[in-house]
Structures are given as C-alpha cells and as structure tokens.
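These are my notebook entries on one protein chain.

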Amino acid sequence: MSTANSIRTPAALVLEDGRVFRGSAYGARGRSLGEAVFCTGMTGYQETLTDPSYHRQIVVQTAPQIGNTGWNDEDDESSRIWVSGYVVRDPARTPSNWRSKRTLDEELERQGVVGISEVDTRTLTRHLREQGAMRSGVFSGDALGSDEEMLAQVQASPQMKGADLAGEVSTKQTYVVEAQGERKFRVAALDLGIKSNTPRLMAARGIEVHVLPSSSTVDDLLAVEADGVFLSNGPGDPATTAHATELTKAVLQREIPLFGICFGNQILGRALGLGTYKMRYGHRGINIPVIDVATKRVAITAQNHGFALEGEPGQRFETPFGAAQISHYCPNDDTVEGVRAFDVPAFSVQYHPEAAAGPHDAAPLFDEFVSLMEKAK
C-alpha cells in the first residue's frame, strides 16, 4: 500500500486520558493497543521497530520525517517488528537508499502493524512528557469508531506495570553464535529480548555466545560451561522477573562473571536488593547522556526503558554478595544507569552499548566484560 493511498484513509490515536489525535492510516489497517511512548532517535527506525524491548508499545517518533531510507534486509534486530503500533508525522513519499528493498509503509502493512501518520507528534510528545506514558490505541479502517467506543477499548487494555513480557519475546530453543576467529571465551546469554547486534559484537571479540531461553534453569546455564553470563535487554516490568532474578543470584553465588544491559541491569539490581519503579515517560532515544561515577566521564548513549532502579548516583550499599555501588547515572534526571558489585565479578548498565544506529561511546563495555572473564580465568 503506498503512502498516497494511506493519506486517503482516516485514522485516530486515542490515549487513555481521552485525548484523541487524528491522522491518516499508515501501514496496516485495523486496531492496535499498547502503551504510547516517544522515541527521540533521528535515525535507526528499523532497529527501533524490531527491538523486542518495544513489545506491546505504540512508538511515537519525535523526528518529523520517517521512512527516508526505506526498509532493508540487513538491519533487523530480531525476526520481526515488535511494536504494537507506530505514530509518525511526515512519512517519506519515496525512500532513497542503496540498500532499500521496499518502503516502510509496505513493511508495516506486510507485518500487520497498524500505524498512523500526519499526527502533530510535537504536541503529542509534550503531552506524554507532562502526563506520562499511557495506554493507547491506533484505529483505522473498520476498527475506527466513535471516540467513546475507542476510548473504552483503550481503557480495557492491560497496563504496562505488572506486565510479564520477557517470555513472549525470548527464543524457545538455545542457539549458538560462533566466535569470529579463535574462540577465547564462551558466554551464556539469557534471552529476555536480545537484539541481534549483541551476540555479533561479542563474537567479534572472540566470544562464542550461547543464547538461552528466558525459562532456562541454573542447570541449563551451568551445562554451557560458560566463562561469563550475559543478561539481555527486554520488555515489561522488572518486578515480574522472579525467575531471572533468582537465576542471577545463583550466578553471583558461584562468582561467574556477569554483565547485564537495560532489562538485565534492572534484574542484577533486584538480585542485589534494589527496588524498581515505573518512570513517568522513560528514556527512549540515541542521544541520552550518562555519567560514570568513578571516572566522571560522559557517554552519549542509546536507551529504551520505562522502568528504572531505585537509588542515588554514587550510592554504595551492602548486598548478600558484598558491597556494591550505583556506578552510572543520567544527569538529566539522576536516573540510575548502572550498578557494579565489588566483591563478585558483576556489573550492568541501563543503556545499549550494542546500539547499531546509535552512538558507540559505550561499546568498550564489551571489552570490560572480556577483562572480567580474563581475570576470573
């Protein structure tokens, strides 16, 4: 379906507080329900759409023009688009990129993702910043009804708080990503919504990555005979991850080197005794600053999270596994961005060092993970 045809089909974005934004259908027609969140990335929309961390979320792109580079077959971060719905302002009429295979509109329609275009995304983003991320729905075609009917459907949909989603996006079977060149280490990666580029970057460092389902047991993990354990990014409320948290405690007890990112940061934090909470609108984009407490160094990072760990920048605290510290924070709002244990080999960050379309300031964290495994050996 071309963008020109999309313009002739009315669509509506309905927020749970009753606010309605009108526009034109983009992608598939029908109904999509999810949490409305905004992403400030000016590039990398293909990676955003295929990031499993966006499961059950309707993503609003703050960049006004989306779709300029079309859709290719190389940049997917997983096997499918995971967002529930998509909201853009000005969709590209004609994509232009040497790798483009089809338009973004065509790919959204092919995968059944209901979207809306011609929305005043600036006003919408300001509303979400002030009122917070909230349940919403995109409606078009036969699903388009009265404001009251659509609002009732949105308000009947599940909340993100309390949502246990990692199991829905995790691999069902273990698979292996071979090391490039000589194998130096073997890592067991718990798939809570892992992105394709993560094992790729570890493989480039001589790591053989065994990607395990989120339901894996301690015995499954130990059977890999791994030099290290990785906790991936993923969707949902970290308060629902009792299994992953207990698994992490078992890894810490055995002093196996551990590295976590995003959702994995929240799980390590919970394993160390910290609480988590739902943020008002979260951090989603590729331009978010983070400060390392130890070095005072600033990194510009890619992030995608609506929950965060409780704690203060630089805070030291005791855990069942020894001393630990809040190691990184965001200077915009003092959100916890990293945790480091001192007496067991474990650390994590809230951001994405593997971000393919984002900044690469944090990529050396994979080298730090390698150093941790070298010391353990």
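**Entry 1: the second largest cavity**

I looked up which element gives the largest share of the lining of the second largest cavity, and I found that β16 supplies four residues. The model is predicted, so I note that local features need pLDDT of at least 70 and side-chain atom pairs count only at pLDDT 80 or more, while totals for chains, interfaces and linings use all residues. Residues are numbered from 1 along each chain as its sequence is written, and side-chain values use heavy atoms, with hydrogens and water left out.

I recorded the terms before going on. On a 1 Å grid over the protein atoms alone, a cavity is a set of points where a 1.4 Å probe fits but cannot get out. A pocket is an open set with protein on both sides within 12 Å along at least five of seven lines, and lining residues have an atom within 4 Å of a point. Grid points are joined across faces, edges and corners, and a volume is the space filled by probe spheres set on the points. Helices (H or I, at least four residues) and strands (E, at least two) are DSSP runs, numbered from the N terminus.

The second largest cavity has a volume of about 130 Å³. I counted 17 residues in its lining, and Gly234, Gly236, His305, Gly306 and Phe307 lie nearest its centre. Both α10 and β16 supply at least two residues of this lining. By class, the lining of the second largest cavity has six nonpolar, nine polar and two charged residues. For these classes, Ala, Val, Leu, Ile, Met, Phe, Trp, Tyr, Cys and Pro count as nonpolar, Asp, Glu, Lys and Arg as charged, and the others, Gly among them, as polar.

**Entry 2: the largest cavity**

I found five cavities of 30 Å³ or more. The largest cavity has a volume of about 170 Å³. Its lining is made of 19 residues, and the closest to its centre are Glu47, Thr48, Lys195, Ile286 and Ala302. Two or more residues of this lining come from each of α2 (45-49), β15 and β16. With three residues, β16 gives the most to the lining of the largest cavity. I noted seven nonpolar, eight polar and four charged residues in that lining.

**Entry 3: positions marked in the record**

I then consulted UniProt, whose positions are given here in the numbering used for this chain, with feature names shortened; its annotations may be inferred rather than shown by experiment. In an unreviewed entry, the "binding site" annotation covers Ser53, Gly234, Gly236, Phe263, Gln266, Asn304, Gly306 and Phe307. These positions are spread over 255 residues of sequence, yet they cluster in space, with a largest C-alpha distance of 13.4 Å. From this set, Asn304 belongs to the lining of the largest cavity. Gly234 sits in the loop between β13 (228-231) and α9.

Which residues does the "active site" annotation cover? The unreviewed UniProt entry gives Cys262, His352 and Glu354. They are spread over 93 residues of sequence but cluster in space, the largest C-alpha distance being 11.0 Å. Of these residues, His352 is included in the lining of the largest cavity. I located Cys262 in the loop between β14 (258-261) and α10.

The largest pocket holds about 420 Å³ of space. Its lining has 20 residues, with Asp292, Thr295, Arg297, His328 and Leu365 closest to its centre. At least two residues of this lining come from each of β15 (276-292), β16 (298-309), β18 (322-329) and α11 (365-376). I recorded 11 nonpolar, four polar and five charged residues for the largest pocket.

The second largest pocket has a volume of about 340 Å³. It is lined by 14 residues, and Arg129, Tyr281, Gly282, His283 and Asn332 lie nearest its centre. I found that β15 gives the most to this lining, with nine residues. The lining of the second largest pocket divides into five nonpolar, five polar and four charged residues.
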